[in-house]
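Trainee: I should like to go through this structure with you point by point. May we begin with the terms and then turn to the chain itself?

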Amino acid sequence: GAGGGGGGGGGGGGVRVCGRCAAVKPWRTHHCSVCRRCVLKMDHHCPWIHGCVGLHNQRFFVLYIFYTWLGTAFAACSAAFLIRREPRALREGPLGGGSAAVSVGVGAWRFVKGSRGVL
């Protein structure tokens, strides 16, 4: 309506100020209690990037999530390839009868060393 107050009205046409940090608060800005500052178009506070996801870094956050997923998928496919490539090594193990987890680790280490050209 014509009144002040609420979320989207107009509040009398004055400049909005954050009640917590006393900063000028543009529309669509929210105060983060962890960062103790106002963030424009704040999505959430993310502990992985040690900051808030907002207008100026949302694209980078989405890319971070995508590349993390891509790296995880590559690691899983590499492990599956190694397991499928050397099934006998999984049964016998690197020390002649060890566990499968150690065999996968040794196989992954050999793969990484081989892909870098190091013997």
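Trainee: Is His 31 buried or exposed?
Mentor: His 31 is placed in strand E1. Its relative accessible area is 15%.

Trainee: In which sense do strands E1 and E2 pair?
Mentor: Strand E1 covers residues 29–32, and strand E2 covers residues 37–40. They are joined over 4 bridges. In one of these pairings, Thr 29 has Leu 40 in E2 as its bridge partner. The sense of the pairing is antiparallel.

Trainee: Which residue in the hairpin of E1 and E2 takes a positive phi?
Mentor: The hairpin has 4 residues between the strands. Most residues other than glycine have a negative phi. Against that background, the residue with a positive phi, near 60 degrees, is Arg 36.

Trainee: What relative accessibility does Cys 32 have?
Mentor: Cys 32 lies in strand E1. Leaving aside neighbours within four places in sequence, Cys 32 is in contact with Arg 37, Met 42, His 45 and Cys 52. Cys 32 counts as buried because its relative accessibility is 1%.

Trainee: What separates the C-alpha atoms of Cys 32 and His 44?
Mentor: These two residues are 12 residues apart along the chain. In the model, the separation of their C-alpha atoms is 8.4 Å.

Trainee: Which residues does Gly 51 touch, not counting those up to four places away in sequence?
Mentor: Gly 51 is found in strand E4, and its relative accessible area of 12% makes it buried. Its C-alpha atom is separated by 8.4 Å from that of Val 34, which is 17 residues apart along the chain. Not counting residues up to four places away in sequence, Gly 51 touches Cys 35, His 44, His 45 and Cys 46.

Trainee: What is the phi of Ala 22?
Mentor: Ala 22 is found in the segment before E1. Its relative accessibility is 61%, so Ala 22 counts as exposed. Ala 22 is not a glycine, yet its phi is positive, at about 60 degrees.

Trainee: What is the phi of Arg 28?
Mentor: Arg 28 also belongs to the segment before E1. With a relative accessible area of 57%, Arg 28 is exposed. Its phi is positive in a residue other than glycine, with a value near 65 degrees.

Trainee: Which residues form the nonpolar patch on the surface?
Mentor: Together the members have about 660 Å² of accessible area. One of them, Leu 70, is placed in helix H1, residues 58–85, and is partly exposed at a relative accessible area of 39%. The patch is formed by Phe 60, Leu 63, Phe 66, Tyr 67, Trp 69 and Leu 70.

Trainee: What pattern does the protein chain follow along the sequence?
Mentor: The secondary structure comes to 3 helices and 4 strands. Read along the sequence, the pattern is β-β-β-β-α-α-α.

Trainee: What share of the residues of the protein chain counts as buried?
Mentor: The accessible surface of the chain comes to about 9,100 Å², and 62% of it belongs to carbon and sulfur atoms. Among contacts between residues at least 6 apart in sequence, 6% join residues at least 24 apart. Of the 119 residues, the share that counts as buried is 15%.

Trainee: Which element has the lowest mean pLDDT?
Mentor: The chain averages a pLDDT of 77, and 65% of the residues score at least 70. Over residues 1–9 the pLDDT is below 50, and this stretch has 4 contacts in the model beyond near neighbours in sequence. Where pLDDT is low, the predicted coordinates should not be read in detail. Among the elements, strand E4 has the highest mean, 93, and the lowest, 62, belongs to helix H2.

Definitions and conventions:
Residues numbered from 1 in each chain as written. Predicted model: local features only at pLDDT ≥ 70, side-chain atom pairs only at ≥ 80, totals over all residues. Heavy atoms only, no water. Patch = residues over 30% accessible without salt bridge, like charges linked within 9 Å, V, L, I, M, F, W, Y side chains within 5 Å. Areas by Shrake-Rupley, 256 points an atom, 1.4 Å probe, with all protein chains shown as cover. Salt bridge = Lys/Arg side-chain N within 4 Å of Asp/Glu carboxyl O. Helix = DSSP H or I, 4+ residues; strand = E, 2+ residues; numbered from the N terminus. Buried < 20%, exposed > 50% of the residue type's maximum accessible area, 1.4 Å probe, protein only. Pairing = 2+ DSSP bridges. pLDDT = per-residue confidence, 0-100. Contact = heavy atoms within 4.5 Å.
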